[in-house]
Amino acid sequence: ERGRLLFAGPVDFLKGVVAMDGLPPADRVEVCFAGRSNVGKSSLINALTGRKALARASNTPGRTQEINFFTLGDARYLVDLPGYGFAQAPVAVVAKWQALLKSYLAGRATLRRAFVLIDSRHGVKDVDEEIMGLLDSSAVTFQVVMTKADKISLKEREKVLGQVRGKLAKHPAAYPEIVLTSSEKGTGIETLRAIISGLE
Ligand code: GDP
């Protein structure tokens with residue numbers, strides 16, 4: 001119920017951040033979303049907030065290397081981290097981004113949880129493990145959110161979940177419960193809202 005109330009309020013794009021001194025004041029509980037490009041991150045943020053085009057703002061070229069902050073009333077920051085896994089960016093850009101990500105994850109006192117999005121069809125890839133390793137070393141609890149659950153059969157899903165559980169066992173910062181979602185069908189969206197609302 002509380003989850004519904006929080007998410008029933010206004011949701012707005014606040015800003016895109018390119019350097020640590022651009023971060024908004026750490027004055028509320030914050031969660032971030034990470035995932036490979038095309039994993040369904042924008043769709044998930046849009047489904048969570050009920051705002052169709054909200055996360056599109058952060059997906060436009062030029063915005064993709066920024067840490068994008070959304071406000072959920074004055075109760076939460078939802079933070080959209082750039083999609084990773086595309087090797088086309090110049091080395092210097094990638095290095096700058098990785099430095100910012102590292103500083104952000106290690107230094108943000110109000111960051112309560114990272115959601116690492118994993119495509120239900122593909123499972124955990126090497127680049128996902130890199131992010132998980134960074135979250136481990138930054139001591140940021142992370143929870144896996146499986147996306148596009150509507151795209152696979154129950155049998156396939158169980159197989160992929162087995163792979164994911166095996167990978168998570170090696171990561172001390174991993175929260176054991178995995179959330180299955182489909183932005184298309186609405187699966188798991190209320191569950192995720194409740195998790196975000198329940199974090200203190
Ligand atoms: P992002 O790059 O991680 O932000 O990914 P997008 O949200 O833009 O989604 C990438 C593609 O996957 C788009 O074509 C979406 O329509 C599709 N997609 C995202 N979520 C779902 C889902 O839950 N179910 C299905 N079937 N397709 C999805």
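Visitor: What makes a set of residues a nonpolar core?

Guide: A nonpolar core is a set of buried Ala, Val, Leu, Ile, Met, Phe, Trp, Tyr and Cys residues joined through C-beta atoms within 7 Å. In this predicted model, the largest such core has 43 residues. Cys32, Phe33, Ala34, Val79, Val116 and Leu117 have the most contacts inside it. Strand 5 (residues 111-119) gives the most to this core, with six residues.

Visitor: Which residues does Val116 touch, leaving out those up to four places away in sequence?

Guide: Val116 touches Ala34, Gly35, Asp128, Ile131, Met132, Phe142 and Val144. Contact here requires C-beta atoms within 7 Å, so each of these residues meets that limit with Val116.

Visitor: Why are strand 1 and strand 7 said to stand at the edges?

Guide: The open sheet has seven strands in the order 1-3-4-2-5-6-7. Strand 1 (11-17) and strand 7 (174-180) each have a single partner strand, so one side of each is left without a neighbour in the sheet.

Visitor: How do you know that strand 3 and strand 4 pair?

Guide: Pairing needs at least two bridges. Five bridges join strand 3 (residues 67-72) to strand 4 (residues 76-80), so the two strands pair. They run antiparallel, and Leu72 stands opposite Arg76 in strand 4.

Visitor: Why are residues such as Lys41 in helix 2 called buried?

Guide: A buried residue has 20 or more other C-beta atoms within 10 Å of its own. Lys41, Ser42, Leu44, Ile45, Ala47 and Leu48 are buried, so each reaches that count. Helix 2 (residues 41-49) also gives the largest share of the shell around the ligand, three residues.

Technical notes:
Residues are numbered from 1 along each chain as its sequence is written. This is a predicted model: local features need pLDDT of at least 70, side-chain atom pairs count only at pLDDT 80 or more; totals for chains, interfaces and linings use all residues. Helices (H or I, at least four residues) and strands (E, at least two) are DSSP runs, numbered from the N terminus. A residue is buried if 20 or more other C-beta atoms lie within 10 Å of its own, exposed if 12 or fewer, and partly exposed in between; C-beta atoms are placed from the backbone. Two residues are in contact if their C-beta atoms, placed from the backbone, lie within 7 Å.
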